[in-house]
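Hi everyone, thanks for coming.

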Amino acid sequence: MIYLKKALGALAIAAALIPAAASAKDYRLGLITPPPHQWTKTAQAFSDVIAEKTDGRVKILIFPSGQLGNESQMLQQMQTGALDFAFLTVGEMVNRRADYGALLAPYLVKDSAGAKAILTGPTAQGLLADLKSLGLVGLGWGMAGLRQVVMANDVSTVDDLKGRKVRIIPIQTERDFWTMVGAAPTPMPLPAVYDAFANGQVDGMQIDFEGTWNSRYVDHAGTIIESSHMMLPMAAVASARVWPTISEEDRKTIEAELPGFLEKMLDNYEQIEAEYLEKLKGTDVKVIKADREWFGPAVDQWYEEWHKKSPLLEKLEAEAGNL
Ligand code: BEZ
């Protein structure tokens, strides 16, 4: 009889636990960076903390390297609610509203600290909130540091870039810049870049130091140009269809935890870039430095064009102290 009572008690406890287990849900977070990249590492660390803090109710599975599609496909999936979360470049946003492109203004900021100041400033925060018009909930900005240039040929002056196929993110801001430089901008999503560079389909690329080393673009490089000519912001977003289906308590946990991870990412980039540049300088690949003047009239031309495209550009310049 005592055993029967104990067994019934255990059954009652198990039954009480079932609703909690049933409310646990797997969510998916997509991104185009490979596993060793800061974005992917940050996503995984964030996911681990959220699982812990929500007692396993919110399990965010990470899909790196564009496994769920390119950014255009991921954005569409988020708009229908087929994808829950993503870390996205501003590429698809710029293609829908030019103002997002102003964040990539050449030499708007001079280092990662400047990029952080812009991304946490009022204009960028306004753009984050406006992502609702794209069916997204903007949860915060991160970034991939500053953009550099990796070329297969020997480069000394900007003339050595003329007519060269330079891989860019499919985004008008970058296309305009490289057209003005006199190169042949070649849009290509990140996961396709290694093969295209190794096979000579492109002569070079706009990229970060981290990817240059970790994805081994350096193995096919003739010159690395330390240009730090623009930042590459990353928007951490949730699907506006999925977000309200997550309990208020769990949404609050996500909103409370994510900013710390993004801030750490923004803070870490200064060191990450210095470390990877050091590694790259340790190879026999030529490394040169380029500044705004090195690019000739291209930067001024870019501003002339983009002041017409985005009224927010002037605001960002004022926030950066560049006016
Ligand atoms: C790129 O497409 O160049 C890129 C995208 C995300 C992070 C870093 C680089």
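Into which domains is the protein divided? There is domain 1 (22–145 + 232–274) and there is domain 2 (148–230 + 279–321), with bounds taken from an automatic or database domain assignment.

A quick word on where this comes from. This is a predicted model, where local features need pLDDT of at least 70 and side-chain atom pairs count only at pLDDT 80 or more, while totals for chains, interfaces and linings use all residues. Residues are numbered from 1 along each chain as its sequence is written, and side-chain values use heavy atoms, leaving out hydrogens and water.

Back to the domains. Their C-alpha centres lie 24 Å apart, and 34 residues of domain 1 are in contact (heavy atoms within 4.5 Å) with 37 residues of domain 2.

Now, the ligand. How many residues surround the ligand? The count is 13, taking residues with a heavy atom within 4 Å, and the closest are Trp 39, Arg 147, Arg 167, Ile 169 and Asp 208.

A polar side-chain atom of Arg 147 lies 2.9 Å from a ligand oxygen, and for Arg 167 the distance from a polar side-chain atom to an oxygen of the ligand is 2.8 Å. On its own the ligand has 260 Å² of accessible area (Shrake-Rupley method, 1.4 Å probe), and the protein covers 99% of that.

That's my tour, and I'm happy to take questions!

How values were computed:
Polar contact = N/O pair within 3.5 Å; in protein donor to acceptor, adjacent residues only side chain to side chain.
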